[in-house]
Amino acid sequence: MIRVAVTGAKGRMGSTVVQAVTDAPDMEVVALLDAGDAITAQSVNGAQVAVDFSVPTVTESNVHALIDAGVDVVVGTTGWTEESYARVSEHACRAGQAVLIAPNFAMGAVLAMKFAAMAAPYFESAEVIEMHHPGKVDAPSGTAVATARGMAQARRAAGWGDMPDATQTDELGARGGRVDGIPVHAVRLRGLTASEEILLGNEGEQLVIRTDSFDRASFMPGVLLGVRRVIGRTGLTIGLDEVMDL
Ligand SMILES: NC(=O)c1ccc[n+]([C@@H]2O[C@H](COP(=O)([O-])OP(=O)(O)OC[C@H]3O[C@@H](n4cnc5c(N)ncnc54)[C@H](O)[C@@H]3O)[C@@H](O)[C@H]2O)c1
């Protein structure tokens with residue numbers, strides 16, 4: 001049995017993780033921590049892995065405290081920067097602990113990103129449409145940006161130049177934002193949770209890759225996989241795809 005602590009345990013994601021870990025046959029929850037609870041070797045209660053779904057302002061300090069407590073960490077909280085990644089990487093390597101930070105734990109979204117990068121070298125045109133609930137405060141989504149970056153990198157490596165686009169005027173920005181040259185469009189619609197559509201086109205053909213997340217439950221297989229796979233690693237790993245043998 002893998003002994004798991006959850007930080008941010010009272011939150012929407014944290015409480016879903018507590019239930020998923022409780023239901024997993026190979027794991028048990030040994031510590032529930034939330035705002036106001038100190039993270040110490042004692043409070044993690046012998047956990048091997050901690051899962052952090054707290055808030056962007058505290059997640060890095062939680063991770064440092066968990067490393068100091070001798071626990072490997074799986075992080076879903078957003079708000080990470082290159083600098084905070086570097087600090088955690090250094091600390092985890094020095095301590096011989098492992099940290100996995102995944103901006104997106106939804107298996108469909110992670111695979112869609114991978115498939116999009118695989119397909120990108122074979123298509124002349126590519127665009128990304130991300131669609132979310134109207135409560136989302138940032139646009140475009142981090143996943144859409146990462147998807148476009150991955151495709152742009154694959155296109156460059158394959159020697160593609162600019163995509164065909166005769167647009168000369170676009171006063172309203174209707175062609176979307178550009179991420180490394182790839183147009184990214186954001187839709188905010190009541191009723192949606194999180195969806196992404198990747199359009200790839202050649203003369204006479206189109207490939208559409210689409211992923212829909214209907215519920216927080218969609219993140220749980222990825223979180224549980226992260227818990228299983230973080231054990232035995234050292235240092236910082238960014239992205240669920242890194243532990244998915246893709
Ligand atoms: N990676 C992914 O796939 C993914 C998916 C969904 C959400 N998220 C991210 O997960 C985070 C949490 O989302 P949510 O909807 O559950 O938020 P939430 O506000 O419901 O929960 C956050 C919880 O963290 C707790 N908290 C605050 N300070 C804390 C501290 N110092 N230590 C421990 N806990 C503390 C809060 O009390 C709260 O219970 C957000 O950053 C969100 O963007 C990531």
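Predicted model: local features only at pLDDT ≥ 70, side-chain atom pairs only at ≥ 80, totals over all residues.
Q: Hi! Which backbone atom of Phe105 lies 2.8 Å from an oxygen atom of the ligand, and what kind is it?
A: A backbone N or O atom of Phe105 sits at that 2.8 Å distance from a ligand oxygen. A polar contact here is a pair of N or O atoms within 3.5 Å; within protein, one must be able to donate a hydrogen and the other to accept it, and residues adjacent in sequence count only if both atoms are side-chain atoms. Residues are numbered from 1 along each chain as its sequence is written, and side-chain values use heavy atoms, with hydrogens and water left out.

Q: Thanks! What about Arg12 and the ligand?
A: Arg12 places a backbone N or O atom 2.9 Å from an oxygen atom of the ligand. Gly8 has a polar backbone atom 3.4 Å from a ligand nitrogen.

Q: How much of the ligand's accessible area does the protein cover?
A: The protein covers 76% of the 860 Å² that the ligand has on its own (Shrake-Rupley method, 1.4 Å probe; for residues, only the protein chains shown count as cover).

Q: And how many residues surround the ligand?
A: There are 20, and the closest are Arg12, Met13, Asp34, Thr78 and Phe105. A residue counts if one of its heavy atoms lies within 4 Å.

Q: Switching topic: how do helices H2 and H3 cross?
A: The axes of H2 (residues 59-68) and H3 (residues 82-95) come within 10 Å and cross at roughly 5 degrees. Axes are lines fitted to C-alpha atoms, for helices over the stretch in contact, and angles run from 0 to 180 degrees between N-to-C directions. Helices (H or I, at least four residues) and strands (E, at least two) are DSSP runs, numbered from the N terminus.
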